[in-house]
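Work through the two exercises below with the structure in view. Each task is followed by a solution in steps.

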There are 8 protein chains.
Amino acid sequence: MTKGQSIEMILEKVRLGELDIGQAASLLKSYEDLGFAKLDHHRQERTGFPEVVFGEGKTVEQLIVILKRLVKTNKSVLATRIAPEKAEVILQELPYFSYQATARALYSKTQELPLVRSNGYIAVVCAGTSDLAVAEEAAVTAEVFGCEVQRVYDVGVAGIHRLFENLDTIKSASASIVVAGMEGALASVLGGLVDHPVFAVPTSVGYGANFEGMSALLSMLNACAPGISVVNIDNGFGAGYNATLIQRITEKQVKV
Amino acid sequence: MTKGQSIEMILEKVRLGELDIGQAASLLKSYEDLGFAKLDHHRQERTGFPEVVFGEGKTVEQLIVILKRLVKTNKSVLATRIAPEKAEVILQELPYFSYQATARALYSKTQELPLVRSNGYIAVVCAGTSDLAVAEEAAVTAEVFGCEVQRVYDVGVAGIHRLFENLDTIKSASASIVVAGMEGALASVLGGLVDHPVFAVPTSVGYGANFEGMSALLSMLNACAPGISVVNIDNGFGAGYNATLIQRITEKQVKV
Amino acid sequence: MTKGQSIEMILEKVRLGELDIGQAASLLKSYEDLGFAKLDHHRQERTGFPEVVFGEGKTVEQLIVILKRLVKTNKSVLATRIAPEKAEVILQELPYFSYQATARALYSKTQELPLVRSNGYIAVVCAGTSDLAVAEEAAVTAEVFGCEVQRVYDVGVAGIHRLFENLDTIKSASASIVVAGMEGALASVLGGLVDHPVFAVPTSVGYGANFEGMSALLSMLNACAPGISVVNIDNGFGAGYNATLIQRITEKQVKV
Amino acid sequence: MTKGQSIEMILEKVRLGELDIGQAASLLKSYEDLGFAKLDHHRQERTGFPEVVFGEGKTVEQLIVILKRLVKTNKSVLATRIAPEKAEVILQELPYFSYQATARALYSKTQELPLVRSNGYIAVVCAGTSDLAVAEEAAVTAEVFGCEVQRVYDVGVAGIHRLFENLDTIKSASASIVVAGMEGALASVLGGLVDHPVFAVPTSVGYGANFEGMSALLSMLNACAPGISVVNIDNGFGAGYNATLIQRITEKQVKV
Amino acid sequence: MTKGQSIEMILEKVRLGELDIGQAASLLKSYEDLGFAKLDHHRQERTGFPEVVFGEGKTVEQLIVILKRLVKTNKSVLATRIAPEKAEVILQELPYFSYQATARALYSKTQELPLVRSNGYIAVVCAGTSDLAVAEEAAVTAEVFGCEVQRVYDVGVAGIHRLFENLDTIKSASASIVVAGMEGALASVLGGLVDHPVFAVPTSVGYGANFEGMSALLSMLNACAPGISVVNIDNGFGAGYNATLIQRITEKQVKV
Amino acid sequence: MTKGQSIEMILEKVRLGELDIGQAASLLKSYEDLGFAKLDHHRQERTGFPEVVFGEGKTVEQLIVILKRLVKTNKSVLATRIAPEKAEVILQELPYFSYQATARALYSKTQELPLVRSNGYIAVVCAGTSDLAVAEEAAVTAEVFGCEVQRVYDVGVAGIHRLFENLDTIKSASASIVVAGMEGALASVLGGLVDHPVFAVPTSVGYGANFEGMSALLSMLNACAPGISVVNIDNGFGAGYNATLIQRITEKQVKV
Amino acid sequence: MTKGQSIEMILEKVRLGELDIGQAASLLKSYEDLGFAKLDHHRQERTGFPEVVFGEGKTVEQLIVILKRLVKTNKSVLATRIAPEKAEVILQELPYFSYQATARALYSKTQELPLVRSNGYIAVVCAGTSDLAVAEEAAVTAEVFGCEVQRVYDVGVAGIHRLFENLDTIKSASASIVVAGMEGALASVLGGLVDHPVFAVPTSVGYGANFEGMSALLSMLNACAPGISVVNIDNGFGAGYNATLIQRITEKQVKV
Amino acid sequence: MTKGQSIEMILEKVRLGELDIGQAASLLKSYEDLGFAKLDHHRQERTGFPEVVFGEGKTVEQLIVILKRLVKTNKSVLATRIAPEKAEVILQELPYFSYQATARALYSKTQELPLVRSNGYIAVVCAGTSDLAVAEEAAVTAEVFGCEVQRVYDVGVAGIHRLFENLDTIKSASASIVVAGMEGALASVLGGLVDHPVFAVPTSVGYGANFEGMSALLSMLNACAPGISVVNIDNGFGAGYNATLIQRITEKQVKV
């Protein structure tokens, strides 16, 4: 029905001479059909990153099949939104993976975290302790993809001196990730103080007229300071990914 | 049908002996029925403030009738949301009124603005020049009701040093009014820096995901700093009224 | 990475002569870095109130660490939104704290509640018995910060005579807190009857087109009576804090 | 294509003997096809009321054609939401119609308004002068359909004594219509004070977080007092129609 | 603090001669203060109905205290939204109450349901079997307050012939209650077919773009047929109460 | 009360001569009254499809009664939204039914799935593995009603080459069903590539600003490509039904 | 910069021998770059329809350029949402176009409307006269693309007999388009009565809680009858396009 | 009142010896108080960009004063959202400014646009011709701040081959800006195809369920492809600013 084929099928066909090397390479770069999912092995080539697994709504069985496949063709494998109960089962099956509980992130152990690199880092800044899970998802994502991260946590604007005392750390980063719930004012304040890209992550932290993150989301979209762009509510992964894109450009600079 | 009677009818009845002094006084304190409106002359006694006229949706003719009545029994008469075209006509008919164009406010001239009082003032703080109309509505309201006002304008968080350089002026006030559109972050920042009540006014200034003030409104309701309470979008009058309540308590202090 | 240091580290440095008294004092006034949180010891000085702990989303372990620190430097320590199960554990560890179950509030026992003061009180008025938890959060907050509170409960407008029979109690207060769900009409009615500031707290009580408090929130923001300002849905703490600010101004009056 | 036929066509067929009396009667009771509209002549029989014309979005030409047809078969013809400019043109063509400008209503002159009947009346109560247009639409609708109406205007809860002084008038009515914008609290207050059906009409009067009538609509739907039912925002006609249904039941009582 | 007093306190004062009969009567008609609630014994006199208990959010203990009090002074006592678990406990304590499980309603046994009266009935019409709980709440409310009810269930417009085959039953009623979720079209269809008041109850039945009853609510408010008024989502009680008001007017007719 | 009668009652009356054959036939085509439900046996004749049972909110007992009745008069009986626990009980009682767990669908075994027909098929296309349950509901619905279905799963636009490699399969279908959550972009992309009707099903898959399917719903309604129409969020059944209507027209073509 | 080239450029290159026939054909089938727009000449081949011009937000100048190009390569050219003022100017420049004012549609005169075809038609059904503009956009779209259309207008459910008297016309169609504003109930009622696909178009007709079409949109998405799919608010074009897809399948049937 | 001083005042004080050089420098770097605005001259130093003037809601007079000041201290001065009428007046007064009408942008002529730089460019991609104004605002912003821009317009997904034929241009950019209204699907598609940061700008282009940009905004926030971050609806400036930040990092690379 669909044309997708598993890695094994392709290789078998090569062995049997039914497929020549070029065709097989082309197919292998493309995608692999697992029936319930089509793994996008081509993505690394197109976007510079392997496919990342969004764990919510997938069964442990599906996750194990997918992760096993991905580690075969990728150096850095990351799965987000993995509940602790699921992680426990997966780790027994796939011991070469590590789990960061606050971030609910699972990643292949060939990554040793945190990495300290010589050429710049990403600042992950959060407003309150309740924003920690999202902030850590952002931080771990960046680390899995090879960035150094500096964490500056609990510096919300209600006690703005806490932000100012950590401003040097933030200003020296290649890019900032601002994670905040409630009214999300931290993004606007920071946006007016730094000269690098700021990725803002609204969180669903709060209650009442917060409407599950709507308040912080609208705040950040309407930030009066420029240089801020926004990802989905609680999408720490998205911000970590975006910041990594910046850090990679910065790193090319040194190699030249 | 309804029991309301005009001032003249009541007095005529007193003259004719149909109503004794006590009854008349009681009626006069209550309300006056103009047919299309029932003026609440009793309000000053109940709440300490005369009825304020909301000009939007009233015709020039209705406004003139109402204002003429109110000046008879009140020292400070204020009408808000009066368009310039309407104001021009009214001022010709009622020359003892003044008009403040930015605030779109009309008030009886027995008020000389601005008043400088010996005992404290209200700080009206706004984020951007587009918030000026609302900020002025707040300021003029407070002035009409006898408060001194200090204006601190265009100190939004995108250039937060502008706020800090004016912080002493704000901290010394009896109460602050914060007027901001877009993401309204100024309220949260200020709320964490002062020890007096902060009344936040979200404005409809902005565009797109601002949704006509929704963004600033939600921000201010979710402010991470305490000591902030919120009035309706663009409701400068409401904030000026609330701040005047605070200033009056402060002033009693000296008289004792 | 960040510059925050624990109280012990600062004092140790003073002992070793690495830090002089002035520097240490400045640091101690500022904030304390617990890693997952930065306690804002400076807040009392800036805003007149110590940092209040928002219990939702914090673990029992985090709460115990934070509360232990706060009692060292503050006279009145308050934690809100503490579930009964958490409170039980914390009270065993920190026996000098008290728990008010309806309000879900935990506070240090150096506070003896309720306080009866000679100079005015705050009226906490609620519409129905389902609003009790929020009303109590407001009341306990005010009491912990030193105010006398008069409770006027279950006086919603469906039986408006109940309100009128308690109106004298409310009118004599320094400030009122109105707590109401459903259509929140109580705020408007009360706002037209008193001459002091009214802080309105919409609650999420109701169902259907109530949309989890949206109905009461919009009602209160659009109240036709002035002198009303609004805090977040179910934010009893915010209203109690604001009312305390008013009561403190009132009390200064007598001392002069 | 469609089977509708004009009155003339049917009568012509009767004259020609192509249609017998019974068939013609049945057709005439049903509907008349004007091409752009199908007039529902059957409605009076089904619902006790003739079809009412909603003027918004119809051209003057369409309105004249429709009204001419309706007066042929109905005693009371009513058209709502007719702008003054349109009314002027229509009245020149159809001089046996009257126009009530505040209500924007046009009705056939065989109705002499207001009617005073011996058996009960409807109370139309509104909160502020800006609600007048909607209140008048309700009142005129009821009058056109034969009810006596008592108007009690500008009695919003900000000066609640105005309501209480008119309460006897309201309590003696067969049904009440409450018209209010902003927070719409008047409906709840009144609902708790009367023993007859209350029809609540939220209006779009207000600004900011009023969201064009949403605030009053939600308030009225969530009213804590029972005995209140709600019609669409600004739908004075709907309330007048509903109240007339009640008044008709009341009137049957006397005839028995 | 508040002036409310329990029935016993008032009677004791009468016994001691501290209160004369007139004062006591006046107080007894008013309200009774249970501390956590103020029972509105005056409501029957004002509105013709006793206070009805909304069970959601009240503890079993509170419910028992309230119900015990209410049966002392009222013939018909009704409590809605009572979960089966709560009902079981209450019935053991108050055996003279009955419980209708589908409606989740508890009522005093002096009511024998269903009553068959000689003078008209209320039609409770619902669209689907999932709307049954709300329809039954409406029906039981009307029955407890003395009305005969005819139930016409599962006649939604997807199979509109089912409605037409039951139309005679509906048309002969004094008033109709239409209960529908999803798109709520049944209200519009019925509104165009009957000549009595229709009370529409949107239900939260549905999924997706139903947004928990929003879809049916908006449909009913925008119904193209007049004679329909709307109560809150899932508010069967409100519709039953309103319909009873109509039925009572109808019944007076016979007595005259 | 209502006029509906069970099949047995009708047949008994025929036996007793109380009902002649014609009348009975007419009644049997119409609906059957089970008390809590009125089965619409007439639907097949009107719409070409039997009544389909929506399982959510119905008890196992109700489902068994309804399904037993439906199989008597229909060839294809389908029940959707049946939880696995319910299915297990029903299958024991009604062993001639089958259950498809992913789709949560129950259907009578006279249907053997999947059918392979000679004349065209429906393409069910979904964006991600989390959309599988909805996609399967659509697919099974179409299969139960006699269509062949081709499944093309996990071809979301983030890896758009997966879609293009399966495009031939999709283009050859009679109609497509596109199932997608998050931003639902797949519908627009596909709509621009095929020449047959596309039925789009937004799913509630996603988080944050997805607002439970709102994001995909709005996307699909605003699709820049024509030829797309939309059903309710998660309404796989609706799409399957619509696509079957198309397939039936296609099939008539061959028979002619 | 971009690779698009105008038709003339391509032909010139062919003339010069710089481009062979095959390449030119491929380019001509693809798109033409006008700078401000890229005309999709390939669309007819992919989807069976030429690109349709959405007139809103385009200048008269842009429209003339685009329409001139499209008539060169397409038999049926359609532009929607063309204001009368714009149409007047365009028709002077492009006299071979016709304009239908109610539908605001412009189409090339090679189309003679209405076409009467031997093999089925589309029923365009609307609820009220205010829905006419949208209904006509749907009807004209279908006619321009070669379908016969039967119009059944003003048959809303408030007078449901009007619908039933036209039901035969509707039932005999290949597909129905239902256009309705306000509560949009007509879609549900019709959906339960026909056995062909129904495309529902919510309109923005209405006021108040209609929220500019939201009410009808939600109603139609939640329709309790199956066989209905929905297009965007006021999107008559979309429905006409979808219905044409159905009619084309039906017509193939005869040719076979 | 506030401490801000004009440039002239500061220099005059220096001349008079009232201010030493250091103090003056510090003040000059900070902000300049124009009364109605406080120009943030310090911003260039903090963020690398001068203050940009948002023209909406400012008078021509205010704009002229502000622009005159800004050109004194900044190389690149940009004002956005300037209506053509305003621009005409300003250009007469300030002839060294240029105006780009589609983008509604005004900028100082020391900028010659477009700049062609040797080291990378920004791709501005838009879906339809109606998105042009926003796309041009993004493009001009980037050009004013020194970037080369490649425009790829009208490549929406309804004719996706237009995108693919321009993909090389987009893939070679340092960063992409995607501008799209309606369902905004272009962002997701592009995000899955490039390896650089994508800034998505939802536009308010569309109608009906587009809800003035809400549809595209939610789509982009929920994009299934990573590497996308979002700015406010119609905020072309914000995207141009963000992309410039990326381009600057890229350019540093060459200089090293």
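A polar contact is a pair of N or O atoms within 3.5 Å; within protein, one atom must be able to donate a hydrogen and the other to accept it, and residues adjacent in sequence count only if both atoms are side-chain atoms. The model is predicted, so local features need pLDDT of at least 70 and side-chain atom pairs count only at pLDDT 80 or more, while totals for chains, interfaces and linings use all residues. Residues are numbered from 1 along each chain as its sequence is written, chains are lettered from A and ligands numbered from 1 in the order in which they are written, and side-chain values use heavy atoms, with hydrogens and water left out.

**Exercise 1.** Describe the interface between chain F and chain A.

Step 1. Contact (heavy atoms within 4.5 Å) joins 21 residues of chain F to 23 residues of chain A.

Step 2. Chain F and chain A bury about 1900 Å² between them, 49% of it on carbon and sulfur atoms. Buried area is the accessible area (1.4 Å probe) that two parts lose on being put together, summed over both.

Step 3. Eight residue pairs, both at pLDDT 80 or more, are in polar contact between chain F and chain A.

**Exercise 2.** Which rotation superposes chain D on chain E?

Step 1. A rotation of 180° with 0.1 Å of shift along its axis does this, with an RMSD of 0.2 Å.

Methods. Copies are superposed by least squares on the C-alpha atoms of residues with pLDDT of at least 70 in both.
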